[in-house]
Amino acid sequence: MKKLLPLFCLLLLFAACSADEEYSTRACRFAYDNSLYLDETLASAMNSQSRGIFCHVSETSQAGARWLVFRSNNDTESRKQEMAQEQRASYILGMNNGIIVGFQTLNTQPNGGFVAYDAQCANCVRLSGNSISPKYPLSMASSGIATCSKCHRRYDMNNGGIVLNGIAGDVGMEKYLATTTGPYGYISVTTRR
């Protein structure tokens with residue numbers, strides 16, 4: 001039995017590492033208290049009763065002010081000006097200023113199915129070797145399918161971001177660690193440590 005214990009520990013460690021590999025190590029940092037701003041577009045994606053609703057989060061500047069832009073896959077959009085708290089947070093919204101958050105319809109995640117994806121096509125980024133430029137944006141459909149504007153690969157956001165059409169060796173959408181306390185609560189999206 002003593003000889004099997006080190007082997008068991010090694011297998012356990014390997015299993016834990018492979019589970020962590022599901023999440024990206026690329027820089028991402030977003031924490032937002034929706035109880036302060038009551039943004040309905042973001043709230044719809046943070047609601048576990050609204051599975052399949054996803055929200056694209058990006059940042060923009062306008063007239064010297066920074067704004068968060070929330071756009072859902074059911075064609076609603078809103079903007080909230082960043083206050084001092086958000087400006088100090090210095091958000092990193094994925095590889096190229098965009099993350100997608102929401103509850104997937106297939107509840108396979110440990111946190112009730114709440115997921116965060118990068119808004120860039122992971123396969124185009126991997127093939128180009130450059131995550132910042134050029135851009136490979138994903139567009140979202142109400143069906144929960146994200147499509148790359150360049151290669152036209154389709155990803156199922158309701159099923160862990162898997163590739164629906166592609167070639168052997170393709171990867172799914174880049175995933176980040178994500179938690180939420182509910183529609184008008186707190187959301188956090190971070191890089192795997």
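Mentor: What follows takes up a loop residue, a sheet and a pocket in this predicted model.

Trainee: What makes A63 count as exposed?

Mentor: Exposed requires over 50% relative accessible area, and A63 has 85% relative accessibility, so A63 counts as exposed. A63 is placed in the loop between strand 2 (54-62) and strand 3 (65-72), and its phi is near 50°, a positive value in a residue other than glycine. A positive phi is also found at H152, where the value is near 70°, in the loop between strand 8 (145-148) and strand 9 (154-156).

Trainee: Why are strand 7 and strand 10 said to stand at the edges of their sheet?

Mentor: The open sheet has 4 strands in the order 7-8-9-10, with antiparallel pairing. Strand 7 (138-140) and strand 10 (162-165) each have a single partner strand, so one side of each is left without a neighbour in the sheet. Neighbouring strands of this sheet are turned by 35° against each other on average, direction ignored.

Trainee: How do you know that strand 9 and strand 10 pair?

Mentor: Pairing requires at least two bridges, and strand 9 and strand 10 are joined over 3 bridges in the antiparallel sense, so they count as paired. D156 stands opposite I162 in strand 10.

Trainee: What classes make up the lining of the largest pocket?

Mentor: The lining has 3 nonpolar, 6 polar and 2 charged residues. Arg and Lys count as charged, and the lining includes R71 and K135, so these two residues belong to the charged class. The space in this largest pocket is about 160 Å³.

Note on methods: Residues are numbered from 1 along each chain as its sequence is written. This is a predicted model: local features need pLDDT of at least 70, side-chain atom pairs count only at pLDDT 80 or more; totals for chains, interfaces and linings use all residues. Side-chain values use heavy atoms; hydrogens and water are left out. On a 1 Å grid over the protein atoms alone, a cavity is a set of points where a 1.4 Å probe fits but cannot get out, and a pocket is an open set with protein on both sides within 12 Å along at least five of seven lines; lining residues have an atom within 4 Å of a point. Grid points are joined across faces, edges and corners, and a volume is the space filled by probe spheres set on the points. Helices (H or I, at least four residues) and strands (E, at least two) are DSSP runs, numbered from the N terminus. Buried means under 20% relative accessible area, exposed over 50%, partly exposed in between (1.4 Å probe, protein chains only). Axes are lines fitted to C-alpha atoms, for helices over the stretch in contact, and angles run from 0 to 180 degrees between N-to-C directions.
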